[in-house]
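Here is a short report for a reader who is new to this structure. Please look at the sequence and the model first.

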Amino acid sequence: MTTLCVSDVSLGYGHRSVLSGVSLGDISDGAVIGVLGPNGAGKSTLLRAIAGLGSYTGGIVLDGRPVSQMSVARRARQVGYLPQDLPQATSLVAYEAVVSACRAVRPDYSMQDVNAAVEQVFDSLDIRDLAFRTLNQLSGGQRQLVGLAQVIVKRPTVLLLDEPTSSLDLRWQLGVFKTVRRIVGELSGVALIALHDINLAMRHCDGIALLSDGRLQAHGPPSKAMTGETLRQAYGIDGRIELCSQGVPIAIADGVVGTGRRAATEP
Amino acid sequence: MTSATQHRMLPPGKSDVPLAIGYRRFVHRRFIWLVALAVAVAVSIIVNVMTGPAGLSFSDVVQGLLRPSVLTPAEHVIIWDIRLPYAVMALVVGACLGLAGAEMQTVLNNPLASPSTLGVMYAATLGASLAIVFDLSVPLSLPENYIVPICAFIGAVASIGLIQILSRFYGATVDTVVLFGIALVFALQALVSLIQFVADSDSLQQIVFWTMGSVARATWEKIALIGGTLGVCLVFSLRQIWMMTALRGGENYAASFGVPVKRLRLVVLLRVSVLTAVAVAFTGVIGFVGLVGPHIARLAFGEDHRFYLPGSALAGAFILSGASIASKLLVPGILIPDGIVTALIGIPLFLALLLSQRRRPH
């Protein structure tokens, strides 16, 4: 079983503070946490810090060991981080893009093992038809799926996905969550998924971490973390949470409150 | 139980044909193209040896290469002491520049990158110009034949060292490295022009000839040095093929897979500087090969670096080998510098290849 503990994490760029004292406590036992917040709230920065790709103060401990003290190779095997940007549109074939991701992390794998792992990941994401197309022949959404395949091919126990569904239509969005659920369940791992779609997060995540201006605004089960008040505080919108017929909470935005930076930057 | 074992225990894929089989076919096709290119390079060597004022047939050359004892003394000198070193020099220099260009384009994520982009060629020119104009063989106590190559080598390596120091000081992003490189190109061009301005007519002639680039001054000793360097660099390159392939998906992705991107870039640029420096130190400036060789390899082999890197080296070797043949044929009796021929003949061919690729539907 994987346990990730995030406590009092702060970091900044120069004099600008980006994250300030963020604590998510212990995340374990197949939990899928949605990281929400307006643009510039610090979602990507938090995921990068957990992935060991940025310096920070505070504690990020994975299975009893600080992430900052883990070797790059071990961290790369255990932690799968999907960046926000899409894989580059190069003439790399999708299959070999995934193979290279696996080989870069697991040089100990034989080519047979790698092929088996890649086959499985293309099946699990249902993207076999993309396998022999070059990345510059794929749409943005298809490249995002290949990027996800690169991350999950090594079967990491911690998944950190930065807006993994930003370029995908509804069918593929559901497919991504299904795959994440399955991997996290099989490996008893944990997943933190940065999202802009509040309803998608409330529907598919066990917990929500709502960030605003680098601070944790709310944290807990979707129905508790997301309220009209937290929507107002974090996003600057006049909104409410209602339960649909299946008892799933949905966020409804009625309008923008106030003026200023937050109101101007939000759609 | 390892993760790999767990994968094998998972349910099989939906399709009956495993992707690995399709991929194997894909890889075999590329391998065949790689072999075909290697054969083309080998044929170009034979044609290069055949070409020249003293007419030698294909069979004469093949027999002379396989059984040197059957050759007359004159033929032996022509093949083994004059034409073969010239042909092999073109091959190893072209391979060095092709490999250097490919690695540079990968780590700088820039298809316009080549050994001349970062000013390595111009730094070598500056070193060579200084050696020629100030006759540095006496103060440095170095052999006269080697003073120009040694100074060119020092200049080339120093340029990469300078870029590394500056870019590390200001943060080693790709853009920083490229920008420093471009700034260095202009600075070095100005310095070379200044040296040319103060040079006497003999020195000026030598500098101009050096900047045109030629493999005509080939000897087996130089070939061994360049070939040895190429072999060592190729071994180290092949050890990093998966990291470089992963890097083509994007720097952020590669970093998330555990690829030490900054260190990889540093190591590769140092290797590129050594490859370029050794190659141009003995030949002068040959700029086109390091840019176009990798493009041809990318069109033929894609960006799996298991094929792309050897493919770029072979493409570079083929271009320079072809150029050295053309340099003997264009004006009979006159050896036109290879640096001129590669650009004159290679660029139209490259553009034709590029345009035909664009017209091809996906």
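Predicted model: local features only at pLDDT ≥ 70, side-chain atom pairs only at ≥ 80, totals over all residues.

Residues are numbered from 1 along each chain as its sequence is written, chains are lettered from A and ligands numbered from 1 in the order in which they are written, and side-chain values use heavy atoms, with hydrogens and water left out.

**Helix contacts**

Helices (H or I, at least four residues) and strands (E, at least two) are DSSP runs, numbered from the N terminus. Axes are lines fitted to C-alpha atoms, for helices over the stretch in contact, and angles run from 0 to 180 degrees between N-to-C directions.

Start with chain B. Helix 10 (residues 220-239) of chain B and helix 13 (residues 261-283) of chain B have axes that come within 10 Å and cross at roughly 165°. That makes helix 10 of chain B roughly antiparallel to helix 13 of chain B. Angles under 35 degrees count as roughly parallel, over 145 as roughly antiparallel, 65 to 115 as roughly perpendicular and the rest as oblique. The crossing of helix 10 of chain B and helix 13 of chain B is left-handed (the near helix is turned anticlockwise from the far one by less than a right angle; clockwise would be right-handed). Contact means heavy atoms within 4.5 Å. From helix 10 of chain B, the residues in the contact include B:Leu225, B:Ile226 and B:Phe236. From helix 13 of chain B, they include B:Arg271, B:Val274 and B:Phe282. By class, this contact of helix 10 of chain B with helix 13 of chain B has nine nonpolar, two polar and two charged residues. Here Ala, Val, Leu, Ile, Met, Phe, Trp, Tyr, Cys and Pro count as nonpolar, Asp, Glu, Lys and Arg as charged, and the others, Gly among them, as polar.

Another pair joins the two chains. The axes of helix 4 (residues 111-124) of chain A and helix 2 (residues 19-50) of chain B come within 9 Å and cross at roughly 120°. Helix 4 of chain A and helix 2 of chain B are therefore oblique to each other. Helix 4 of chain A supplies A:Met111, A:Asn115, A:Glu119 and A:Phe122 to the contact, and helix 2 of chain B supplies B:Leu19, B:Ala20 and B:Tyr23. The residues of the contact of helix 4 of chain A with helix 2 of chain B divide into five nonpolar, one polar and one charged.

**Salt bridges**

A salt bridge is a side-chain nitrogen of Lys or Arg within 4 Å of a carboxyl oxygen of Asp or Glu. How many salt bridges does a search of the whole structure find over all chains? It finds 14. The table gives examples.

| Residue | Partner | N to O distance |
|---|---|---|
| A:Arg128 | A:Asp123 | 2.9 Å |
| A:Glu186 | A:Arg155 | 2.9 Å |
| B:Glu303 | B:Arg298 | 3.7 Å |

Both B:Glu303 and B:Arg298 are buried. Buried means under 20% relative accessible area, exposed over 50%, partly exposed in between (1.4 Å probe, protein chains only). Salt bridges that share partners join A:Glu119, A:Asp123 and A:Arg128 into one network. A:Arg128 is buried at 15% relative accessibility, and A:Asp123 is buried at 13%.

The side chains of A:Glu186 and A:Arg155 also meet in a salt bridge. A:Glu186 lies in helix 6 (residues 170-187) of chain A and A:Arg155 in the loop between helix 5 (140-152) and strand 8 (158-162) of chain A, so the pair ties together parts that are 31 residues apart in sequence. A:Glu186 is partly exposed at 37%, whereas A:Arg155 is buried at 8%.

**Buried loop residues**

B:Leu108 lies in the loop between helix 4 (73-107) and helix 5 (120-134) of chain B. B:Leu108 is buried, at 1% relative accessible area. Beyond its neighbours within four places in sequence, B:Leu108 contacts several residues, including B:Val174, B:Val178 and B:Leu269.

B:Asp304 is in the loop between helix 14 (289-301) and helix 15 (305-329) of chain B. B:Asp304 is buried at 0% relative accessibility. Leaving aside neighbours within four places in sequence, B:Asp304 is in contact with A:Leu92, A:Glu96, B:Tyr23, B:Arg30 and B:Thr245.

**Backbone angles**

Most residues other than glycine have a negative phi. A:Arg155 has a positive phi of about 50° although it is not a glycine. Phi of A:Ser188 is also positive, near 50°. A:Ser188 sits in the loop between helix 6 and strand 9 (190-194) of chain A, and is partly exposed at 28% relative accessible area.
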